[in-house]
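User: Could you walk me through how the aromatic rings, the nonpolar core and a pocket are arranged in this protein?

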Amino acid sequence: MNIPLSLLDLAPVPAGSTIANTFRESVELARTAEAAGYSRIWYAEHHNMASIASSATSVLIGHIAAQTSTIRLGAGGIMLPNHSPLVIAEQFGTLETLFPGRIDLGLGRAPGSDQATFRALRRDPAAADSFPHDVLELQGFLTGNSRIPTVNAYPGTGTNVPIYILGSSLFGAQLAAQLGLPYSFASHFAPDALHAAVAAYRNNFQPSEQLSEPHVIAGVGVVAAETNEQAQVQMEQVRRDRVSSFLGRGRETPFTEPEIDMLMESAAGEQILKMLAYTAVGSPDAVREYLEGFARSAHADELITVHNASDPAERLASVRLTAQAMGLAG
């Protein structure tokens, strides 16, 4: 099965590490993915999260683009309620001008933060309600067809940076279909509505100047190792780190191992672990079999993989092994 693979780099900052080190690891990850034949890498906008370093998404994209050559880079995504469409058009118009033909712009409707942080961003809580209008306004700036008389994005106008709608519910699927834009579903952490959202998108798709046929990107976790046993050990650490990270926000001291054991068996822990439902774990053969089956089930045209291994070296190995297993032209 020949399906394009992409990467979502969450720019994780493990306990005891530094943000500067995370940025160095992101560069190495991007270079590895480029050499291995991945189609694109996206970075997600998150705020007020000590464990994620991609909050200044466009700045990070520029940094990575300057140290790679061919791989597409983009936002997966920019949380548009946090921003003026004009400013985002200027930022991504600048990136496209500097790195022509390599920039994507994925857009999400969620704030990507808690309510206190949303207020710190100086945004109106009702901003998400204008998401469809803001997408059209942003699209107008990038295509040179501004919806605001006398206002244009410089840089940005006429760059035609491709827009993707991101979502984890039917809302994004319906909007992407109506606007004729590619749709990326966040099944790597929100698995429940995957099939219903993809069906709604494909059934209601209206062709546009950007896209003549529907294009679905589905998110999926991956933990690939030389053997199934090694991958299972890594996955267990992923599960423990995920529960500890989510339930330990604001905590001054890390959980002990026995405390993590109890948290994983709690209702809250089980809910967090359900986020990992779509994860390929195992040897290259096992990962290939899982990803091919997942792509068929999700009716996906492309998979965006999240390599969850906690150790950076294991994460790079997972990226390489998965590319080899899937026959990417690296």
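**Rings, core and pocket**

Analyst: In this predicted model, ring pairs link Tyr183, Phe185, Tyr201 and Phe205 into a cluster.

User: Which parts does the pair of Tyr183 and Tyr201 tie together, and how far apart are they in sequence?

Analyst: Tyr183 and Tyr201 form a tilted aromatic pair, with 5.5 Å from centre to centre and 35° between the planes. Tyr183 belongs to strand 6 (residues 183–185) and Tyr201 to helix 7 (residues 194–204), so the pair ties together parts that lie 18 residues apart in sequence.

User: Is Phe294 buried or exposed?

Analyst: Phe294 forms a stacked aromatic pair with Tyr290, at 6.5 Å centre to centre and 10° between the planes, and both residues lie in helix 11 (residues 284–298). Tyr290 is partly exposed, with a relative accessible area of 29%. Buried means under 20% relative accessible area, and because Phe294 has 5% relative accessibility, Phe294 counts as buried.

User: How many residues does the largest nonpolar core have?

Analyst: In soluble globular proteins, nonpolar side chains tend to be buried together. Among the residues with the most contacts inside the largest nonpolar core are Leu138 and Tyr201, and Leu138 touches residues including Leu80, Leu105 and Ile163. The count for this largest nonpolar core is 75 residues.

User: Which helix gives the most to the lining of the second largest pocket?

Analyst: The second largest pocket holds about 340 Å³ of space and is lined by 16 residues, with Gln139 and Thr143 among those that lie nearest its centre. With five residues, the element that gives the most to this lining is helix 5 (residues 131–143).

Conventions. Residues numbered from 1 in each chain as written. Predicted model: local features only at pLDDT ≥ 70, side-chain atom pairs only at ≥ 80, totals over all residues. Heavy atoms only, no water. 1 Å grid on protein atoms, 1.4 Å probe; cavity = no way out; pocket = protein on both sides within 12 Å on 5 of 7 lines; lining within 4 Å. Points joined across faces, edges and corners; volume = space filled by probe spheres on them. Helix = DSSP H or I, 4+ residues; strand = E, 2+ residues; numbered from the N terminus. Core = buried A, V, L, I, M, F, W, Y, C linked by side-chain atoms within 4.5 Å. Buried < 20%, exposed > 50% of the residue type's maximum accessible area, 1.4 Å probe, protein only. Contact = heavy atoms within 4.5 Å. Phe/Tyr/Trp six-rings, centres within 6.5 Å; stacked < 30°, edge-to-face > 60°. Lists of a residue's contacts leave out its neighbours within four places in sequence.
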